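Here are my notes on the model, as numbered points. Please read them with the structure open.

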Amino acid sequence: MSPNLSVHDKAEILSEALPYMQQHDDATIVVKYGGHAMGNEQVARDFARDIVLLEQAGLNPVVVHGGGPQISEMLQRLGIKSEFAAGHRITDAASVEVVEMVLAGSINKQLVGFINAEGGRAVGLSGKDGRMLIAKKATRTIYDPDSDIEKVVDLGFVGEPDKVDTTVLDQIIKSDIIPVLAPVAASADGGTFNVNADTFAGAIAGALGATRLLLLTDVPGILDKDKKLIEEIDVEGIRRLIADGTITGGMIPKVETCIYALERGVEAVVIMDGKVPHAVLLELLTNHGAGTLIRR
């Protein structure tokens, strides 16, 4: 809180959070933390503090993180060329080792450390732990203007969720420990797949029956044709915006993840700007909200 506020103002702000704390008491909230905000240590520490506050307020936060920029930086340092197709990084055998090292290693453990430093108890896992998420090979197609046909793109070791087992997560959540999950999954034969972090978070949120899935990104939410924020929308509204070309490019797979999670029982999904200070608290513990709220 601002040091310019009086102690009475601070107490009033805390008091106003009570009905929202009661609304979300013991609710499971999956937060996907990603975007370029992850590269700023102070922003990451502030995010960790907010997650600890949620846990202390009686919520059950589950954090899923991305790490695309950090993966690209490490691949460049190692002289491994990155290629993209259909909006996905083509992940060959050399790249998938780096992806796992960065996601399940450095980023995951740094975020766990930040949460623990703020007084929380966090544990870092990936989808491979406890067979939490088994993935299958992702397939995508792209349009080839030269041949006027769609071609199947081999994305290598890129996977999409197939089966989710929340046994380990359930035990961790019951123990008041905050799970921090890297979007790396196992294949049925024990191999490794790189899974899009939004998709991973949607699968986990659906399997846990989460009350909210919060997607922290680099954008404020879904924008209308006039580039103004849409504060609330339903699935049919999203489909109309895709059909009329309002939602395009990289936002399409994000909203598809939202629909996927809603269809699996998540109450609501929010797309929001992770660079906004305390965005998670604004969304869950105030009447202000942040980003675009999506319901069935």
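1. Asp-234 caps helix 8 at its N-terminal end, with a side-chain oxygen 3.4 Å from the backbone nitrogen of Glu-236. This is a predicted model. After helix 8 comes Gly-245, which has a positive phi, near 85°.

2. Which residues of helix 8 are buried? They are Val-235, Gly-237, Ile-238 and Leu-241. These residues lie on the same side of helix 8 because they cover an arc of only 160° around the axis. In an α-helix there are 3.6 residues a turn, so residues three or four places apart point the same way.

3. The buried residues of helix 8 are covered by elements including strand 14, helix 9 (251-263) and strand 16. Exposed Arg-240 and Ala-243 sit on the face turned away from the buried side of helix 8.

4. The sheet is open and mixed, with eight strands in the order 5-10-2-1-13-15-16-14. Strand 5 and strand 14 (232-234) are at the edges; each has a single partner strand, so one side of each lacks a neighbour in the sheet. On average, neighbouring strands of this sheet are turned by 20° against each other, direction ignored. Helix 8 (residues 235-243) packs on the sheet, where it touches strand 14 and strand 16 (292-295), and its direction makes about 90° with that of strand 14.

5. Strand 5 (residues 122-126) is an edge strand, yet four of its five residues are buried. Strand 5 pairs with strand 10 (residues 178-182) in the parallel sense over five bridges, and Val-123 has Pro-179 of strand 10 as its bridge partner.

6. Strand 13 (residues 212-217) pairs with strand 15 (residues 268-273), in the parallel sense, over six bridges. Ala-268 in strand 15 is the bridge partner of Arg-212.

Definitions and conventions: Residues numbered from 1 in each chain as written. Predicted model: local features only at pLDDT ≥ 70, side-chain atom pairs only at ≥ 80, totals over all residues. Heavy atoms only, no water. Buried < 20%, exposed > 50% of the residue type's maximum accessible area, 1.4 Å probe, protein only. Helix = DSSP H or I, 4+ residues; strand = E, 2+ residues; numbered from the N terminus. Pairing = 2+ DSSP bridges. Axes fitted to C-alpha atoms, helices over the stretch in contact; angles between N-to-C directions. Contact = heavy atoms within 4.5 Å. Arc of directions from axis to C-beta. Polar contact = N/O pair within 3.5 Å; in protein donor to acceptor, adjacent residues only side chain to side chain.
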